[in-house]
Amino acid sequence: MNTGGGTNLPVGQPEARPDAGPGRLPRVVADGPLDATIEGLLRDRVELLPWTVALEGSAEPVEGMYTYGHVLVDGAMLDRLPGLKVISNYGVGVDHINLADAAARGIPVGNTPGVLEGATADLGLALLLAAARRIVEGDRYARSPEFLRHDPGFMLGREVHGATLGILGLGRIGHQVARRALGFDMTVLYHNRHRREDLERVLAPSVQFVARDELLARSDFVMLCVPLTDQTRGSLAARELSLMKREATLINIARGAVVDTDALTQALAEKRIAAAALDVTEPEPLPRDHPLLTMPHVVITPHLGSATVATRRRMAELSVENLLAGLRGRPLPHPVAPPGGGPLTKDS
Ligand code: NAP
């Protein structure tokens, strides 16, 4: 995909190249094939190496790592690449990178915040509406031979306006979801580990901080916007699903592994919750014969949260800015804070 458009990155200026020694471009391992926009931004700046180099190691020094499709990065891999100066991730979610292992080796990790929350929140609302108003089911029916007359009593959905939305994780994406929900006259409940009174003031008066169990019990729609961490992995399991209303819908735009897939499948099969709308699943993709794929009250998209032309372009630019800064030993413009500390640069 070539999305075109401008970039803030200087193009084709030899002096802008990261220094990798005389006459050679810095070597960067990436899990391609990369988007053509990213390849264009990296052309003549770095030498791209295949991911097998990260898996097997290399006799030649490798200065950079670019993670594109949620490949796993751990300490053993980093030890195979001792000259690594930076890891740049395409996207905000860095659950596939062991941040403690990177920090222990002094390797800064960059991601792409501030450019994708609008698109991801848009998709969250699209999934919420699709599940509530049975849009995917209705589309299938409207195309089928069965649709021969309009029946006003058929395919009734659940009301969105005036309903209560519970957001687990009122961060960058959760905030944008809340703003959109207020446009639908929804009452918004949220839960984080830390209360966000700053956002409550901005979103007043219809946003309320509550305990997680209360959020699950009171919400008509529960939307997951938390990162995948040791704390959140599997945190929406049988007990949590049992707290939700029978008429409630679960929407997951975070990471599939935040939810216990088996527990969700069972809750939906037994109609203990009304519906689910999932942009992310665990595993991803689900096996092609997974029961969730046959359920009419489940909407699934293939991890499309930030997948718009404009957002992907900005993600490409930010991730390349991080990569080039790290290769030069400079602070990353968009660093991920390592566990328990401030941002790193390799040479700091
Ligand atoms: P963010 O700004 O860091 O917000 C995350 C929120 O989750 C924060 O409010 C945080 O608050 C809360 N949180 C973290 N751990 C928690 C816990 N154990 N219990 C309750 N709340 C917790 O992150 P973001 O940019 O909004 O992105 C969130 C996640 O969305 C990413 O990590 C990524 O996995 C996912 N994502 C998915 C897509 C997609 O394509 N579907 C696109 C982009 C991002 P506290 O720290 O106070 O708890």
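**Exercise 1.** Sort the residues of the shell around the ligand into nonpolar, polar and charged.

*Solution.* Keep in mind that you're working with a predicted model. Go through the shell and you get twelve nonpolar, 14 polar and five charged residues. Next, look for the ones that come nearest to the ligand: of the 31 residues around it, these are G93, G169, G171, R193 and G305. Then check the helices: α5 (117-132) and α7 (172-183) each supply at least two residues of the shell, and α7 gives the largest share, three residues. Finally, zoom out to domains: domain 1 (27-115 + 309-327) and domain 2 (117-300) each provide at least three shell residues.

**Exercise 2.** Find the members of the largest nonpolar core that touch the most other members.

*Solution.* This core has 92 residues, and the ones to pick are L128, I167, M223, L224, C225, I251 and A277. Now ask where the core comes from: α5 gives the largest share, nine residues. Both domain 1 and domain 2 contribute at least three residues each. To finish, take I251 and skip its neighbours within four places in sequence; its contacts include G124, L127, F221 and A277.

**Exercise 3.** R134 and M155: is each one buried or exposed?

*Solution.* Start with R134, in the loop between α5 and α6 (135-143). R134 has 20 C-beta neighbours inside 10 Å, so it counts as buried. M155 sits in the loop between α6 and β6 (164-168). M155 has 11 such neighbours inside 10 Å, so it counts as exposed. Now check the backbone: R134 isn't a glycine, yet its phi is positive, about 55 degrees. M155, also a residue other than glycine, has a positive phi near 55 degrees.

How values were computed
Residues numbered from 1 in each chain as written. Predicted model: local features only at pLDDT ≥ 70, side-chain atom pairs only at ≥ 80, totals over all residues. Near = placed C-beta within 6 Å. Helix = DSSP H or I, 4+ residues; strand = E, 2+ residues; numbered from the N terminus. Nonpolar A, V, L, I, M, F, W, Y, C, P; charged D, E, K, R; others polar. Domains from an automatic or database assignment. Core = buried A, V, L, I, M, F, W, Y, C linked by C-beta atoms within 7 Å. Buried ≥ 20, exposed ≤ 12 C-beta atoms within 10 Å, placed from the backbone. Contact = placed C-beta atoms within 7 Å.
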